[in-house]
Amino acid sequence: MNTTVFAPWEDPQAKPLIQFQNVTKRFGGFTAIDNLSLDIFEKEFFALLGPSGCGKTTMMRMLAGFEKPSDGHIMLGGQDIDPIPPNKRAVNMMFQSYALFPHLSIWENIAFGLRRDNMPKRDLEDRVEEMLRLTRLEQFARRKPHQISGGQRQRVALARSLAKAPKLLLLDEPLGALDKKLRQDTQFELMDIQEKTGTTFVIVTHDQEEAMTVASRVAVMDQGKLMQVATPDRIYENPNSVYVADFIGDVNIIEGRATANGDETYQVDWAEGQSPLTATSSTGFTNGQSCHLAIRPEKVTISADRPADAINAVQGKVHDIAYLGNLSTYHVELANGTIIKAQSANTRRISRRSFTWEDPVWLSWTATAAVLLAN
Amino acid sequence: MGRPGLAVMDGHGCGFAGELMRRALLIAIPYVWLLALFLVPFFIVLKISLSDVELAIPPYTPTLDLSQGWAGITDFFSQLDFENFVWLTEDDLYWKAYLSSVKIALISTVLTLLVGYPIAYGMARAPTEWRPTLMMLVILPFWTSFLIRVYAWMGILSNEGYLNQILLWLGIISTPLTILNTNTAVYIGIVYTYLPFMILPIYSSLERMDESLIEAAEDLGCSRLKAFWLVTIPLSRPGIIAGCFLVMIPVIGEFVIPSLLGGSGTLMIGKVLWEEFFSNRDWPVASAVAVVLLLILVIPIVLFQRNQQKQTEAGQ
């Protein structure tokens, strides 16, 4: 197997499709986007992830042309697009509310953008049919938007925004209105369609699972700033800050002081009467520098006896158990009151579970399992 | 096993009959209302329109004399005829008045729409906290008597009125314009009076509209103007239709505005009706005029109701 990994962001020669150059956006006294720079490459499926009010929707609306940057520039294919109105941009948007025209049929909704370009009748019909096929909506073409289901409406919105074959497609919380099961199916559908059409997708979402599933790269935002931009696995495994580690998935954060202990290895003193923890880190820490140790619950092993070879092991008793069906999360209380979460797969039936409330247990993890963060 | 099933069926049937009774009662109330306030007066007017004029009290004949029993009733019906309706077709005053009323109603509806739509649009696009105030301003004129407001317009539009004074003072005109007692004054009066009936339904349809639809249209390649034409106008169509009917239907029969602001040349059926009743004291002909007017109005009213029905169906 010789497949080249799609990673233009690692290629210094690659030209980004979109460039945010020191973009700031203010609404009155409120700064929604704060001096932000970002490159997005062609054919990427890029996710802007963050809590509501973090500025992700403002980023998208600036790309669509509904808002103009207060400072800085946005480039699309090397061209400054700030002065270009939304109707002249090779960018289409799928709205959170879908914004389907209620007075037009599904067919006419999809044809709407093509008609504005005065496309010849034959080509237009072909293109609409193609979009209907792509989104599996052929039998609904004559219906009005209020006569179809939420999932179908979502596909119409997608078909309509893809019909003009934009260079860039913006998706504003595209799956927010769908229930969980349908959302998961639709995520894979979106990825399929993105791959088939080769369009660059930028998706805005507050759902970290959705961002991780669909995106080639994820940008985690907070208060108008980018916290981290990386592939989903790097965001999860190597968060660069406590904020990112905490925002993506479940995590244990242990505060302490770092002391160098060999090459790229540090000892963390974290509580009175507890033996120091060991973690590796490629970023340097000075002796005595305060730090945070982030450990994912699934990387913590729970056992009845102290594992002989474990480099990090702490003792506690089971405080709470969250049963999730396939997994169980154990909340273990240490002697000093700290709660550490450990997750394990339920490979056995629940009646044969090894631990129950108030059981004394040992938690252990390897030196590479935890991430050492400065802030 | 069959018996309990039957019992359940019986119980159900009983409840069903009770439900029907309740429904019938509920429906009966508006029907009684309609009967008392619309159908009964209509039949009285219809009866008068089939009678003959007479110098008496009441000023028409025959009157129903129930003391003579059956003979009285047959006598009464034998004296009714369509003479007055035939008369309406013979004197061209009437059909000219009907035609002129419809024309004035159509023109003033279009004028009201042209003035009202931008106002409704502005209101729907105004910041949310302003909207109740703007709505209040539209409704405010209803708090003073309609008659007083029309008289006020006489003060504004007359030769020595405020409008002419201001225009003379500004030097735009050198001799006063004659506006009062012309059709122009009638149009001004109608547009002014009926404007809220146009604004409110259009406003309510525009206000419900999702702002992102306009953005979606722009995103797909529409200019602002094109988006307005292709999205805003079609989506406010139910409001436009409702507003037009709400203005046109009463304007056809309008009496006060043409008689106060209009001149001798302003021919409207409401005025003719008034003159037949009170100047000529010819109640039968006046009633015939009223019956025909009602028939003319039924057509737009039915169209209006069909539109409303379609709208509620679309909303479901």
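Colleague: How many helices and strands does the secondary structure of chain A come to?

Modeller: This is a predicted model. Chain A has 375 residues, of which 37% are buried, and its C-alpha trace spans about 80 × 50 × 50 Å along the principal axes. The secondary structure of chain A comes to 8 helices and 20 strands.

Colleague: What percentage of the contacts in chain A with a separation of 6 or more is accounted for by residues 24 or more positions apart?

Modeller: The count takes in contacts in chain A with a separation of 6 or more. Within that set, the share of residues 24 or more positions apart is 64%.

Colleague: Which residue in E4(A) is the bridge partner of Ile18(A)?

Modeller: Strand E1 (residues 18-27) and strand E4 (residues 71-76) of chain A run antiparallel and are joined by 5 bridges. In E4(A), the partner of Ile18(A) is Leu76(A).

Colleague: Which residue in E7(A) is the bridge partner of Met94(A)?

Modeller: E6(A) and strand E7 (residues 168-172) of chain A run parallel, with 4 bridges joining them. For Met94(A), the partner in E7(A) is Leu171(A).

Colleague: Which are the edge strands of the open sheet of 5 strands in chain A?

Modeller: The strand order is E13-E12-E11-E14-E20, with antiparallel pairing. An edge strand pairs on one side only, and here the two are E13 (277-280) and E20 (371-373) of chain A.

Colleague: By what angle are neighbouring strands of this sheet turned against each other on average?

Modeller: One pair in the order E13-E12-E11-E14-E20 is E11 (residues 252-260) with E12 (residues 265-269), which run antiparallel and are joined by 4 bridges. In that pair, Ala260(A) has Tyr266(A) as its bridge partner. Averaged over neighbouring strands of the sheet, direction ignored, the turn is 45°.

Colleague: Why is H4(B) called oblique to H8(B)?

Modeller: Two packed helices are described by the angle between their axes and the distance between the axes. Helix H4 (residues 92-125) and helix H8 (residues 183-207) of chain B have axes 6 Å apart. Angles under 35 degrees would count as roughly parallel and 65 to 115 as roughly perpendicular. H4(B) is therefore oblique to H8(B), as the packing angle is about 45°.

Colleague: How many nonpolar, polar and charged residues does the contact of H4(B) with H8(B) have?

Modeller: H4(B) passes H8(B) in a right-handed crossing. By class, the residues of this contact are 22 nonpolar, 3 polar and 1 charged.

Colleague: How do the residues of the contact of H4(B) with H10(B) divide?

Modeller: The axes of H4(B) and H10(B) come within 9 Å and cross at roughly 140°, in a right-handed crossing. Residues of H4(B), including Ala105(B) and Leu113(B), meet residues of H10(B), including Cys244(B) and Val247(B). The division is 10 nonpolar, 6 polar and no charged.

Colleague: Which element gives the largest share of the side of chain B that touches chain A?

Modeller: The contact takes 14 residues from chain B and 17 residues from chain A. On the side of chain B, the elements giving two or more residues are helix H9 (211-219) and helix H10 (224-252). The largest share, 6 residues, comes from H9(B).

Colleague: Is Asn118(A) buried or exposed?

Modeller: Asn118(A) lies in the loop between helix H2 (106-116) and helix H3 (121-134) of chain A, and its phi is positive, near 50°. Asn118(A) has 8, so Asn118(A) is exposed.

Conventions:
Residues numbered from 1 in each chain as written. Chains lettered and ligands numbered in written order. Predicted model: local features only at pLDDT ≥ 70, side-chain atom pairs only at ≥ 80, totals over all residues. Axes fitted to C-alpha atoms, helices over the stretch in contact; angles between N-to-C directions. Parallel < 35°, antiparallel > 145°, perpendicular 65-115°, else oblique. Left-handed = near helix turned anticlockwise from the far one by under 90°. Nonpolar A, V, L, I, M, F, W, Y, C, P; charged D, E, K, R; others polar. Contact = placed C-beta atoms within 7 Å. Pairing = 2+ DSSP bridges. Buried ≥ 20, exposed ≤ 12 C-beta atoms within 10 Å, placed from the backbone.
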